[in-house]
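Let's take a walk through this structure together. Keep the sequence and the 3D view open as you read, and try to find each spot as it comes up.

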Amino acid sequence: MRICPVAVAAVAGVAGICALASAPSAGRNGGMLATSQAGYAKPLAGELAGAGLVPREQGPGWVLCDGGSGRELPEPAFAWLRLPAPREFRGARINALGRQIADYLADSLRDERLETVWPCVWGGAGEIAGLTRRVTAVQKTFQDLLRRKLSRVARLARTGMPSGLGPVRGFFVCFTDFDRAFAAREAVLGGQRRMADDAAAPSRSYLKVEEAYGVLGAEPRPGETVADLGAAPGGWSYSAARRGARVVAVDNGPLKGGALGHPGIEHRREDAFRFRPAPGETFDWLFCDLVAEPHQVLRHLVAPWLERRWCRRFIINLKFGRVDPLGLLRELRMPASPFALNAADFRIRHLYHDREEFTVVGGLRP
Ligand SMILES: C[S@@+](CC[C@H](N)C(=O)[O-])C[C@H]1O[C@@H](n2cnc3c(N)ncnc32)[C@H](O)[C@@H]1O
């Protein structure tokens, strides 16, 4: 199980368990551990290096950095989760590892009294076969210890990654291998999440837009209007229409599944680059998920839609399979990009459900 979207389970504790801060296999504090999709540690490392950190080591779905805690970074697109100043633990024996991690937590809680529920999230980076079982086994030792000694605090712990973005206080444990884990009292969340499928959704793309709403912090509401450019087979249109929005789905391809014949969806077989709102019309939402060269999409579609305020909010997916993703990221963040020029705020993410693509979400300045 991967550390970002799916928490394995949770428990918490406070001082009372003997502190082992000096245990031989407990490592350094400092720097930052960041996680990503399994195959994207290299661009994540590049992005972090571009932001001034010093990637020291990386593996499938994780990068360990020196040169800062990473708290100050402007939301790296590839990072799912950042653990500032993590403590490193190594050990082949399940019980010893679980005990060390529990002791570290207890020690860190010496001056803190927990009164309310709090996240305590365990998981593994990447997709190493069998790692989830290992995480679960070590976690069980940890939980047993804490329940025995600190039952009230253990009851306040919550399983599962908290929703939302940004810094969250709690306890976060990320395994990068069978005998290696990192733990931190704080995590910075990128907002990526694994979404539940819908049997009527006509494409897996549906999951991307459902996930994007969480990063944006808004979703289409009943009566709102959506222009969905490159809509077929209709996953994004279906997602908006099932929330009661009225969708114009622009694509020469056919709609399918729950999007086909949906009363909230008007299908127009037109070229997305030529589609324009009627004079005076503004869409509440621009959706764009075209399989097309990203610079073409930016120049000939995103720029006019944003400059002319033809929409209020946008969710735009840009494919980076044939371009340098880090170069594209830099362009998207430049002051002259259509997003920087026109959006009140925008976020770029490599979502849990994205492949070789970024999703950009935001709202326009009036
Ligand atoms: C990745 S699919 C979109 C999937 C969709 N978001 C969903 O949830 O089902 C990309 C779509 O872009 C469409 N497309 C590519 N170029 C287009 C263009 N110039 N005008 C309209 N549609 C276009 C393709 O026909 C294809 O259906």
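Start with helix α8, which gives the largest pocket the largest share of its lining: four residues. Keep in mind that you're looking at a predicted model. You'll find α8 at residues 325-333, and along with α1, at 41-50, it is one of the helices that each supply at least two residues of that lining. Now pick out the lining residues themselves: G46, E47, G50, A51, L73, P74, E75, P76, L326, L329, R330 and R333.

What kinds of residues are these, by class? The lining has six nonpolar, two polar and four charged residues.

Next, turn to the ligand. There are 17 residues around the ligand, and the ones that come nearest are S203, D251, D271, A272 and D289. Sort this shell by class and you get eight nonpolar, five polar and four charged residues.

Zoom in on a few atoms now. D289 uses its side chain here: one of its N or O atoms is 2.8 Å from a nitrogen atom of the ligand. With A232, look at the backbone instead, where a polar atom is 3.0 Å from an oxygen atom of the ligand. W236 also has a polar backbone atom 3.0 Å from a ligand oxygen. How much of the ligand does the protein cover? On its own, the ligand has 600 Å² of accessible area, and the protein covers 78% of that.

Stay with A232 for a moment, as there's a backbone detail to spot. A cis peptide bond joins A232 to P233, with omega at about 0 degrees. P233 belongs to the loop that runs between β10 (225-229) and α6 (235-241).

One last stop is another loop, the one between β4 (81-84) and β5 (87-90), where you'll find A85. Check the phi angle of A85: the value is near 45 degrees, which is positive, in a residue other than glycine.

Technical notes. Residues are numbered from 1 along each chain as its sequence is written. This is a predicted model: local features need pLDDT of at least 70, side-chain atom pairs count only at pLDDT 80 or more; totals for chains, interfaces and linings use all residues. Side-chain values use heavy atoms; hydrogens and water are left out. A residue is near a molecule or strand if one of its heavy atoms lies within 4 Å of it. A polar contact is a pair of N or O atoms within 3.5 Å; within protein, one must be able to donate a hydrogen and the other to accept it, and residues adjacent in sequence count only if both atoms are side-chain atoms. Accessible areas come from the Shrake-Rupley method with a 1.4 Å probe; for residues, only the protein chains shown count as cover. Ala, Val, Leu, Ile, Met, Phe, Trp, Tyr, Cys and Pro count as nonpolar, Asp, Glu, Lys and Arg as charged, and the others, Gly among them, as polar. On a 1 Å grid over the protein atoms alone, a cavity is a set of points where a 1.4 Å probe fits but cannot get out, and a pocket is an open set with protein on both sides within 12 Å along at least five of seven lines; lining residues have an atom within 4 Å of a point.
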